[in-house]
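Hi there,

Here is the structure I promised to pass on to you. Could you open it alongside this note while you read?

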Amino acid sequence: MRAPSGHRPISLAPLTVLELSPPELVACAAEAGYDAVGLRLIRATEEESVLPTIGSTPMIRETRQRLEDTGLILLDIEVLRLRPDTKVRDHFGAFLETGAYLGAQQILVTGNDPDHRRLADNLAELGLFAQEFGMSPNLEPMPWTDVHDLGEACEIIRRCTGSPVGVLVDALHYDRALATPEDLRALPAEWTRYVQICDAVLPRPTSIDELRHQGRKARLFPGEGCIDLVALLQALPTVPASVEAPIEWKAPPGVRAGAALRAARDIVARADAGRPQLSA
């Protein structure tokens with residue numbers, strides 16, 4: 001999904017206000033002024049509540065109604081984990097049906113399989129399966145998964161010949177892995193469908209536990225830390241920016257969402273104003 005001329009959609013990622021249910025998240029994003037929203041249909045950790053978010057449940061029907069009423073784009077749904085025992089069509093069919101019912105465009109995928117050849121085979125199969133539902137999977141490298149960084153993600157995606165899969169760059173993981181704008185410019189443009197932005201402090205964490213804690217609970221809003229987000233955005237195609245910024249601030253979710261959007265708009269405007277026209 002490329003942004004229309006002069007406007008890059010900004011989406012609210014569920015991790016930013018994780019205490020909200022999907023219909024509450026849609027309402028929060030709309031009230032704050034976002035263009036799009038992401039929804040977590042499968043919990044990422046055992047700490048999270050199990051919600052009735054797969055299938056035509058009352059919560060999912062309410063979520064669809066709120067999306068229709070607000071006109072928000074459903075940018076992505078999450079999170080699918082590719083594990084050694086994954087059977088793509090057996091395990092993910094109901095998730096994809098739910099995403100299609102809601103109108104989702106992208107899928108966030110993590111690699112939780114140390115056998116990267118098997119992981120690539122499953123990702124390629126998922127890409128073709130998701131295509132039947134009008135969605136595309138995007139592999140996000142994270143230091144605490146079996147796809148640690150952008151280089152490993154790219155090796156896996158290159159093996160997915162003929163399957164419409166992409167890579168999801170998360171600003172935090174990009175920075176903590178010491179990746180560069182040159183690394184991003186080397187990516188095929190069609191691999192990037194959206195990008196996640198946030199900010200973070202120095203020094204960089206040195207342990208997986210610290211990286212995991214910061215990633216899930218202690219980021220900063222865009223522009224408040226050490227990551228050169230302008231250079232990151234300018235190195236990628238002009239795709240939607242999803243604000244994934246869980247922070248250590250006890251303000252109500254609507255207040256946090258609004259502050260995150262204001263910060264993101266400033267960074268996106270600076271990046272897009274300085275972007276060479278040929279790279280858009």
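One definition before the findings: Ala, Val, Leu, Ile, Met, Phe, Trp, Tyr, Cys and Pro count as nonpolar, Asp, Glu, Lys and Arg as charged, and the others, with Gly among them, as polar. Please also keep in mind that this is a predicted model.

Let me start with the cavity. The count comes to one cavity of 30 Å³ or more, and the largest cavity has a volume of about 90 Å³. Its lining is made up of Pro141, His148, Asp149, Leu150, Leu168, Val169, Asp170, His173, Tyr174, Ala177 and Ala179. Strand E7 (169–170) and helix H6 (171–176) are the elements that give two or more residues to this lining. Sorted by class, the lining residues are seven nonpolar, two polar and two charged.

Strand E7 also has a place in the sheet. Nine strands form an open sheet with parallel pairing, in the order E6-E5-E4-E3-E2-E1-E9-E8-E7. E7 and strand E6 (166–167) are the edge strands, each pairing on one side only. The partner of E7 is strand E8 (residues 195–197), joined to E7 in the parallel sense over two bridges. Asp170, one of the cavity-lining residues, has Gln196 in E8 as its bridge partner.

Two helices are worth a look as well. Helix H1 (residues 22–32) lies across strands E1 (10–12) and E2 (36–40), and runs at about 160 degrees to E2. Helix H3 (residues 88–102) lies across E2, strand E3 (73–82) and strand E4 (106–111), at about 175 degrees to E3.

Best wishes

Technical notes. Residues numbered from 1 in each chain as written. Predicted model: local features only at pLDDT ≥ 70, side-chain atom pairs only at ≥ 80, totals over all residues. Heavy atoms only, no water. 1 Å grid on protein atoms, 1.4 Å probe; cavity = no way out; pocket = protein on both sides within 12 Å on 5 of 7 lines; lining within 4 Å. Points joined across faces, edges and corners; volume = space filled by probe spheres on them. Helix = DSSP H or I, 4+ residues; strand = E, 2+ residues; numbered from the N terminus. Pairing = 2+ DSSP bridges. Contact = heavy atoms within 4.5 Å. Axes fitted to C-alpha atoms, helices over the stretch in contact; angles between N-to-C directions.
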